[in-house]
Amino acid sequence: MTRELTELAGPVLADTLTSDSVVVLPVGSIEHHGPHLPLATDYLMADLISRRLVDAAVEDGLDVWRLPAIAYSKSDEHHWAPGTVWIGWETLMRTVVEIGESVSRTPARTLVFFNGHGGNVALLQVALREIRRLYGLRTFLMGTGAGAAGDGANGSPDEKGLGIHGGYGETSVILHLRPDLVDISKAARWIPEDVAALRHLKFNGGAVSFGWLSNDFDPAGVIGDATGANAEHGAELVERGIRSGVEALHEIAGFRGGAA
């Protein structure tokens, strides 16, 4: 049987899903990713990796279903670059909360956002609580696991923890998923060394967060080092992400931290 929820007839869905079913909603973005990657980078990762993840989870005995991916999201940190297509935070919040209401009208009681764009994280975390409060679903947020920064080992560039956008990891993953869309000849090193030297101010995991636009640090709009990216590393990142994702879905499926 298909695991694409929208390929089912309504009565079949009603008879097939149960309170143990897990619904996965991929969320990507259409945004500038430098001169070497397609605008659809985050969408492709969310869409294509979630397909593989759901298939792997089903093979591992889980009752998981997939909704079509959301392409347009909160990506206006790249508003300056032609081709970026974004929606405002109010629009995205309303969209995902109303999708949550729709899912709550099925027998499924668990909704998982599978996010491919870092700019969505804070908003989706708020949406988890909103959907939980309004509609009683168990709600979760997962990432693709595809953006790991290069650390200088095994031939990778040392991105100093700053490979967050268009760098080694993302470029390698797209070389694996859709190599026809990558112009690796235009890959370069775009690392803001002044930011890398800071102790407290960090993009991820620092004591102090800050607002930023993607061209604040380099006119290419990339934060990372895409040199040396390769499809083999991309395949490794995807497979690693799927393995950990299946483990996470097992925990999600068994989680009962509150009445549903």
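## A guided tour of the model

Helix 2 is followed by Gly-61, a residue whose phi is positive, near 95°. Keep in mind that this is a predicted model.

**Helix 2**

- Which residues of helix 2 are buried? They are Thr-41, Asp-42, Leu-44, Met-45, Ala-46, Asp-47, Ile-49, Ser-50, Leu-53, Val-54 and Ala-57.
- As you look at that list, remember that residues three or four places apart point the same way, because an α-helix has 3.6 residues a turn.

- The largest pocket has a volume of about 830 Å³. It is lined by 32 residues, and the closest to its centre are His-117, Gly-118, Gly-119, Val-121 and Asn-204.
- What kinds of residue make up the lining of the largest pocket? There are 17 polar, eight nonpolar and seven charged residues.
- The second largest pocket has a volume of about 180 Å³.
- Among the residues that line the second largest pocket are Ala-148, Asp-151, Tyr-168, His-233, Glu-236 and Arg-240.
- The lining of the second largest pocket divides into four nonpolar, four polar and three charged residues.
- Helix 7 (residues 231-254) gives the most to this second lining, with three residues.

**Aromatic rings**

- How many aromatic pairs does a search of the whole structure find? The search finds five.
- One of these pairs joins Phe-203 and Trp-212, with ring centres 5.2 Å apart. Their planes stand at 85°, and because an angle over 60 degrees counts as edge-to-face, so does this pair.
- Phe-210 and Phe-217 also form an edge-to-face pair, at 6.5 Å centre to centre and with 70° between the planes.
- Ring pairs link Phe-203, Phe-210, Trp-212 and Phe-217 into a cluster.
- Is Phe-203 buried or exposed? Its relative accessible area is 13%, and buried means under 20%, so Phe-203 is buried.
- Trp-212 counts as partly exposed, at 25% relative accessibility.
- Phe-210 is partly exposed, with a relative accessible area of 26%, and Phe-217 is partly exposed, with a relative accessible area of 26%.

- At 23% relative accessibility, Asn-230 counts as partly exposed.
- Leaving aside residues up to four places away in sequence, Asn-230 touches Tyr-168, Ser-172 and Leu-175.
- Asn-230 and Pro-179 are 51 residues apart along the chain, and their C-alpha atoms are separated by 9.6 Å.
- Ala-235 and Val-173 are 62 residues apart along the chain, while 6.5 Å separates their C-alpha atoms.

Definitions and conventions:
Residues numbered from 1 in each chain as written. Predicted model: local features only at pLDDT ≥ 70, side-chain atom pairs only at ≥ 80, totals over all residues. Heavy atoms only, no water. 1 Å grid on protein atoms, 1.4 Å probe; cavity = no way out; pocket = protein on both sides within 12 Å on 5 of 7 lines; lining within 4 Å. Points joined across faces, edges and corners; volume = space filled by probe spheres on them. Nonpolar A, V, L, I, M, F, W, Y, C, P; charged D, E, K, R; others polar. Helix = DSSP H or I, 4+ residues; strand = E, 2+ residues; numbered from the N terminus. Buried < 20%, exposed > 50% of the residue type's maximum accessible area, 1.4 Å probe, protein only. Phe/Tyr/Trp six-rings, centres within 6.5 Å; stacked < 30°, edge-to-face > 60°. Contact = heavy atoms within 4.5 Å.
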